Amino acid sequence: MLGMGLAAIDGTIVSTAVPQIVGDLGGLAVFSWLFSGYLLAVTVTLPVYGKLSDTFGRKPVLVAGVVLFLIGSLLCAAAWSMASLIAFRVVQGLGGGALQGTIQTIAADLYPLKERPRIQARLSSVWAASSVAGPAVGGLLAGYADWRWIFLINLPIGLVALWLITRHLVEPKRTAPREKPRIDWAGALAVFATGALLITALVQGGVAWPWLSAPSLGLLAGAAVLGALTVVIERRAAEPIIPGWVWRRRTIAAVNLSLGALGLLMVAPTVFLPTYAQSVLGLGPIAAGFVLSTWTLSWPITAALSNRVYNRIGFRLTAVLGISGALLLLLAFPFLPFPGEPWQPALLMLLLGGTLGLFQLPLIVGVQSTVPYEERGTTTASVLFCRQVGQSVGAALFGAVANGVLAARLGTDTGPGGGTDLDTLARALDDPASLTAETMDHLRRAVDAAVDYVYLGAAGAAALALLALLTLAPRRFPVLKEATGDGRGEEER
């Protein structure tokens, strides 16, 4: 749980300290790579660490991940320029990728099926609390101490986590392999390069350069070529990083696609709801954060209770109920009154978190339970990888949707600051003294419409997840009996 907290808080703690970091190091034009670089490293290394944990065990991979994360944190605190800080954030992300996937896999290794929802719910609570506390802690450290403490604070937490892991984590005994394990380094490099190009194109497209510009098209074309090369390499590899069975097995393929769609739809509230709360409802940053954080209250609760549901009706039907409820709630968002009251989106988020707790956790627990120990790390990593890619796609796609709606609503009437993108208008609405009442109402309605369309897009992602479950997932997951754990005995759930 301490390791999970390290990975979770580091994704958000930097956000409120950007002004202090830029003021000290400069590099305003590239500061977004403080986040993009970390996300990129985490995402593209998930499949690699998943395979390594299946080959060499979870504990050495987790220990290596914590050590690498702490080295990255120490280097970030010593950064002398924006370029060096971005490079060291990538080092942090390389460790964070090991933390995210391996911890989820260890939870499945150590606890029987009936106890996994409780443990996974605790991990979800750590993730939720860290994500919410991150911006507040980052702002306090940057404002009252020094922004470098944002990274130094990881050291005592990480060292305690490392001590607990090395002292108390005892892995189940494994059968020694007949042959010396072979690492697919060519496949790992191909996966890393493909993911790097794809995530860079998705994160920077429409931000650093237009979507139809040479950089975007070049990166996407390069990702396609490297993706094809990766498939060829993995087919020939004796121990591939991403084995073909991850997509040939219906259960795993359905869960991968469903959680990829989950990553897509999660962008709507996490990225756009705070802007809606501040620009349309007129709330301050802290109050806007509370509107979003309500879903972190219900998500772990329904996740912890989900075993009472799936033990009766099965993993697939439980997930179908959860995503169906999420679909209805996302469709309800555009019907909120303008400007409305803060409790209205907060209530929707509270209910949305409850439905997604019923959706995500049964799928993760269910798919982990269909594979033996030596395949569990790869399976878990593939699921988390698809969710991360979904988030990257969602950020790019919904950003384009929001800016397109704003451009259509405002036409040639650019907002103060000379632009019609969401960030420009949000900054303009933060300074109401410079706007007439009529202009301010016009801009607020445009932002409201843009976020409404984003939520409709998120509803479309929920519909895709529902379709994947109904068409690809078997009615009952083929769960391995825990008494054998070798695939010879199965039960359906």
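At what angle do helix 15 (residues 315-332) and helix 16 (residues 343-368) pack, and how far apart are their axes? Keep that question in mind while you take in the whole chain, remembering throughout that this is a predicted model.

**The whole chain**

Begin with everything selected: the protein chain holds 19 helices and 2 strands, and buried residues make up 54% of its 493 residues. The chain exposes about 21,300 Å², of which carbon and sulfur atoms supply 66%. If you consider the contacts in the chain with a separation of 6 or more, residues 24 or more positions apart account for 80% of them.

**Helices 15 and 16**

Now select residues 315-332 together with residues 343-368, which are helix 15 and helix 16, and you will find their axes 8 Å apart and packed at an angle of about 155°. Since angles over 145 degrees count as roughly antiparallel, helix 15 is therefore roughly antiparallel to helix 16. Show the side chains where the two meet: on helix 15 the contact includes Phe 315, Ile 323, Leu 329 and Leu 330, and on helix 16 it includes Leu 348, Leu 352, Phe 359 and Pro 362. Sorted by class, this contact of helix 15 with helix 16 has 16 nonpolar and 5 polar residues, with no charged residues. Helix 15 passes helix 16 in a left-handed crossing.

**Gly 354**

Stay on helix 16 and select Gly 354, which lies in that helix. Is Gly 354 buried or exposed? Gly 354 is buried, with a relative accessible area of 11%. Leaving aside residues up to four places away in sequence, Gly 354 touches Ser 298, Trp 299 and Thr 302. If you also pick Leu 297, which is 57 residues from Gly 354 along the chain, the distance between the two C-alpha atoms is 8.4 Å.

**Helices 5 and 17**

For the last stop, select residues 82-110, which form helix 5, and residues 373-410, which form helix 17; their axes come within 9 Å and cross at roughly 135°. Helix 5 and helix 17 are therefore oblique to each other, and helix 5 passes helix 17 in a right-handed crossing. To see where they touch, display Gln 100, Gly 101, Gln 104, Thr 105, Ala 108 and Asp 109 of helix 5, then Tyr 373, Arg 376, Gly 377, Thr 380, Leu 384 and Gln 388 of helix 17. By class, the contact of helix 5 with helix 17 has 3 nonpolar, 7 polar and 2 charged residues.

Key. Residues numbered from 1 in each chain as written. Predicted model: local features only at pLDDT ≥ 70, side-chain atom pairs only at ≥ 80, totals over all residues. Heavy atoms only, no water. Axes fitted to C-alpha atoms, helices over the stretch in contact; angles between N-to-C directions. Helix = DSSP H or I, 4+ residues; strand = E, 2+ residues; numbered from the N terminus. Parallel < 35°, antiparallel > 145°, perpendicular 65-115°, else oblique. Left-handed = near helix turned anticlockwise from the far one by under 90°. Contact = heavy atoms within 4.5 Å. Nonpolar A, V, L, I, M, F, W, Y, C, P; charged D, E, K, R; others polar. Buried < 20%, exposed > 50% of the residue type's maximum accessible area, 1.4 Å probe, protein only. Areas by Shrake-Rupley, 256 points an atom, 1.4 Å probe, with all protein chains shown as cover.
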